[in-house]
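Dear colleague,

I am passing on a structure that you have not seen before, and below it I set out what was found. Please have it open while you read.

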Amino acid sequence: VARKHGWPDALRRAALEASGTAVLPAHLPLFPDVAALEDLPQRKILVTTGVPAVQLQKVEALGLGAWMDAVHVDDALAVPRRGKRAVFAAILEEEGFLAGEVVVVGDNLESEIAAGAALGLRTVHVARWGCSPECPATHCMPDLCGLAAVL
């Protein structure tokens, strides 16, 4: 939102720093289709971007922590910032995964989908509001209900 509206870097950083002190509600609603992930037998590693204290609160408030094998936060305040590509590359190395063993699932073409594709990983774009013909993802689907079929 800040980039879209042309906020200067200093203002974006100040907003991120201020958000780091937020206390979220104990429970947040999930999209209903997220429950489809819980029953998948594959390892599930969440990679999210933001202020770590807030992102980890979100994971708990959404109830994801109980069935994620790991959670990695790309710290939006880190200088230099790692970025999703570097986070994914580190996970591949740490876990000993081969590119063909990993599928990146996400809703942001410029973030996780681009990062996964740059590393030669299969990608699934969850396009809740529609997918464009130019979608670079390996697969595109409106929700997570069809994910098991492409894994």
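**Nonpolar cores**

Within the largest nonpolar core, which has 13 residues, the ones that touch the most other members are Val 34, Leu 37, Leu 64, Trp 67, Leu 144 and Leu 147. A nonpolar core here is a set of buried Ala, Val, Leu, Ile, Met, Phe, Trp, Tyr and Cys residues joined through side-chain atoms within 4.5 Å, where buried means under 20% relative accessible area, exposed over 50% and partly exposed in between, with a 1.4 Å probe and protein chains only. A second, separate core has nine residues, including Val 47, Val 87, Ile 91 and Leu 92.

This is a predicted model, in which local features need pLDDT of at least 70 and side-chain atom pairs count only at pLDDT 80 or more, while totals for chains, interfaces and linings use all residues. Residues are numbered from 1 along each chain as its sequence is written, and side-chain values use heavy atoms, with hydrogens and water left out.

**Cysteines**

The whole structure was searched for disulfides (pairs of cysteine sulfur atoms within 2.5 Å), and one was found. Cys 131 and Cys 140 form a disulfide, with their sulfur atoms 2.2 Å apart, and the torsion about their S-S bond is about 135 degrees, so the disulfide is right-handed. Cys 131 is partly exposed, at 36% relative accessible area, and Cys 140 is partly exposed too, at 35%.

Cys 135 is in no disulfide, the nearest cysteine sulfur being that of Cys 131, 3.4 Å away; Cys 135 is buried, with a relative accessible area of 16%.

With kind regards
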